[in-house]
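Welcome! Let us read this structure together, one feature at a time.

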Amino acid sequence: MIALTILAVAVSTAWAQGAAPGTVMKDCAVCPEMVVVPAGSFVMGSDEAETAREAVPADYARRELPRHAVTIAAPFALARYEVSRGEFARFVAATEYRPPAGCAVWRIPGMTFADNPAKWWGDPGFPQTDADPVSCVSFDDALAYAKWISDLSGQIYRLPSEAEWEYAARAGTATARHWGDGRDAACAQASVLDAAAAAQLGAAPGVENAFPCADDGFVFTAPVGSFPPNAFGLYDMLGNVSEWVMDCYNATYAGAPVDGSAWLAGNCDQRLTRGGAWSGKPWIVRAAERGRANAAGRNSPLGFRLARDIN
């Protein structure tokens with residue numbers, strides 16, 4: 001496993017050949033800050049001890065099996081932060097791309113999920129600033145944004161593969177979360193559903209439904225980068241918003257690529273989502289958890305970040 005502690009790194013406006021892991025770079029004025037993630041190997045998925053301890057429902061636990069070794073042979077770059085609402089607004093203002101209204105949002109109180117034709121990325125059903133991560137964006141919306149950044153920069157930006165995402169989220173760890181297996185520390189590490197927020201939102205009481213801590217009053221999303229980065233220098237890999245990845249949905253890892261590439265066979269009308277969100281129960285906010293969503297759908301806890309090859 002890789003152990004890497006990121007120190008403060010100045011942002012370069014040009015990509016250095018063979019840039020060291022942890023280097024932060026930027027291709028253009030409106031391009032995202034990208035962190036160089038080292039090559040390496042890891043074990044993808046979870047074991048029975050983790051899913052039992054975290055009370056993962058059986059159907060979801062099966063998605064994380066079989067555990068398997070993945071080797072990412074070359075460094076790649078991943079966005080330091082999730083794409084913010086302000087960044088997405090800049091994209092919409094600069095292009096003719098106009099995502100339609102309509103988003104599945106949490107109905108409050110009670111925390112039930114329902115389509116709302118009046119909600120959209122500019123109003124996901126809860127208060128946000130332009131510094132918060134964009135949500136209510138579809139898989140295709142994320143690809144359109146990546147193409148815009150690619151056209152501006154002359155480089156190819158994309159969504160990360162599921163394997164790249166988990167490798168980057170783990171950042172050399174093998175625990176349920178990059179800060180460890182416990183739940184008590186979650187509120188100091190990520191924007192998650194804490195007990196106070198759960199009560200305010202009308203969620204069912206119980207430790208299985210919320211983290212037993214307080215996260216400085218963030219009931220919904222927090223501005224990107226509000227919490228500490230993981231050891232690779234990446235912010236908000238868990239919590240805040242769940243993130244689209246490139247892979248099509250497959251019910252287990254049987255037959256999955258072992259080289260870190262995206263799995264583009266299976267049910268491609270549905271794509272994988274990773275990282276949990278501000279609204280996720282504790283068992284969802286884990287490095288191994290595999291969510292899924294309709295590629296054409298838009299959900300209020302779901303956003304994205306970009307990846308980029310560097311060699």
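Q: Which residues lie nearest the centre of the largest pocket?

A: Rolling a probe the size of a water molecule over the atoms shows where empty space is left. A pocket here is an open set of points on a 1 Å grid over the protein atoms alone, where a 1.4 Å probe fits, with protein on both sides within 12 Å along at least five of seven lines; lining residues have an atom within 4 Å of a point. Nearest the centre of the largest pocket are Trp 106, Ser 279, Gly 280, Ile 284 and Pro 301, out of 26 lining residues. Strand β11 (291–294) gives the most to this lining, with 3 residues.

Q: Before we go on, what kind of model is this?

A: This is a predicted model, where local features need pLDDT of at least 70 and side-chain atom pairs count only at pLDDT 80 or more, while totals for chains, interfaces and linings use all residues. Residues are numbered from 1 along each chain as its sequence is written, and side-chain values use heavy atoms, with hydrogens and water left out.

Q: Which residues touch the most other members of the largest nonpolar core?

A: In soluble globular proteins, nonpolar side chains tend to be buried together. A nonpolar core is a set of buried Ala, Val, Leu, Ile, Met, Phe, Trp, Tyr and Cys residues joined through side-chain atoms within 4.5 Å; buried means under 20% relative accessible area with a 1.4 Å probe, protein chains only. In this core of 34 residues, Val 37, Leu 78, Tyr 167, Val 192, Leu 234 and Met 237 touch the most other members. Helix α5 (162–170) is among the elements that give two or more residues, and α5 gives the most, with 5. A second, separate core has 30 residues, including Cys 31 and Ile 149.

Q: How many aromatic pairs does the structure hold?

A: A pair of aromatic rings is described by the distance of the centres and the angle of the planes. Rings of Phe, Tyr and Trp (its six-membered ring) pair if their centres lie within 6.5 Å; planes under 30 degrees apart count as stacked, over 60 as edge-to-face and the rest as tilted. The structure holds 19 such pairs. For Phe 91 and Tyr 145, the centres are 5.5 Å apart and the planes at 80°, so this pair is edge-to-face. Phe 91 is buried, at 2% relative accessible area, and Tyr 145 is buried too, at 1%.

Notes. Buried < 20%, exposed > 50% of the residue type's maximum accessible area, 1.4 Å probe, protein only. Helix = DSSP H or I, 4+ residues; strand = E, 2+ residues; numbered from the N terminus.
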